[in-house]
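Reader: Could we go through the charged side-chain pairs in this one?

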Amino acid sequence: MAPNPDIRASDADRDRVASALREHCAQGRITIDELNERLESVYAARTLGELEAVTADLPEEDLYQLPVPAAQKTTGGLPAPRSGAGALERFGGRGAWATWAAVSGINLAIWAILLVAVGPVYPWWIWVAGPWGAALLIGSLLGSGRRD
């Protein structure tokens with residue numbers, strides 16, 4: 001906060017600390033009962049030192065929101081190993097392939113039901129599965145140049 005804890009606190013200072021306490025409660029660091037107790041102390045505080053004492057055991061910023069240092073992202077100077085299945089992870093990943101497979105499977109099932117129900121039917125589902133699958137395959141083989 002301030003270098004001198006004996007400086008009188010303003011309403012804006014109290015509101016800022018109260019807002020921070022509500023955020024800590026929302027993130028699960030303090031309970032609602034603790035929040036209420038601390039809010040009483042905040043609005044009764046006269047100096048910045050008293051406000052600082054209310055939040056002394058809480059971090060000023062969420063440590064999980066901080067960026068990961070580059071030294072932790074690499075292993076011995078080499079890029080960190082990527083999880084997953086290589087080519088499948090380069091373009092769209094498994095999620096894109098799973099979506100393609102689900103949509104293609106649904107279309108194939110509808111086509112098969114129509115084939116049984118009304119007889120020979122043009123295989124229209126190929127026009128859905130084919131170009132989309134080809135684009136995914138080419139993207140997986142060539143990669144997109146994107147870094148995760």
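Author: Let us begin with Arg14, which is buried at a relative accessible area of 13%, where buried means under 20%, exposed over 50% and partly exposed in between (1.4 Å probe, protein chains only). This is a predicted model, in which local features need pLDDT of at least 70 and side-chain atom pairs count only at pLDDT 80 or more, while totals for chains, interfaces and linings use all residues. Residues are numbered from 1 along each chain as its sequence is written, and side-chain values use heavy atoms, with hydrogens and water left out.

Reader: Which residue does Arg14 form a salt bridge with?

Author: The partner is Asp11, with the closest N and O atoms 3.0 Å apart; a salt bridge here is a side-chain nitrogen of Lys or Arg within 4 Å of a carboxyl oxygen of Asp or Glu. Asp11 is exposed, at 58% relative accessibility.

Reader: OK, what about Arg16 and Asp13?

Author: Their side chains meet in a salt bridge at 3.4 Å, N to O, with Arg16 partly exposed at 45% and Asp13 buried at 17%.

Reader: Switching topic, what does Arg38 pair with?

Author: Arg38 forms a salt bridge with Asp57, at 2.9 Å between the closest N and O atoms. Arg38 lies in helix H2 (residues 32-44) and Asp57 in the loop between helix H3 (48-54) and helix H4 (70-73), so the pair ties together parts 19 residues apart in sequence.

How values were computed: Helices (H or I, at least four residues) and strands (E, at least two) are DSSP runs, numbered from the N terminus.
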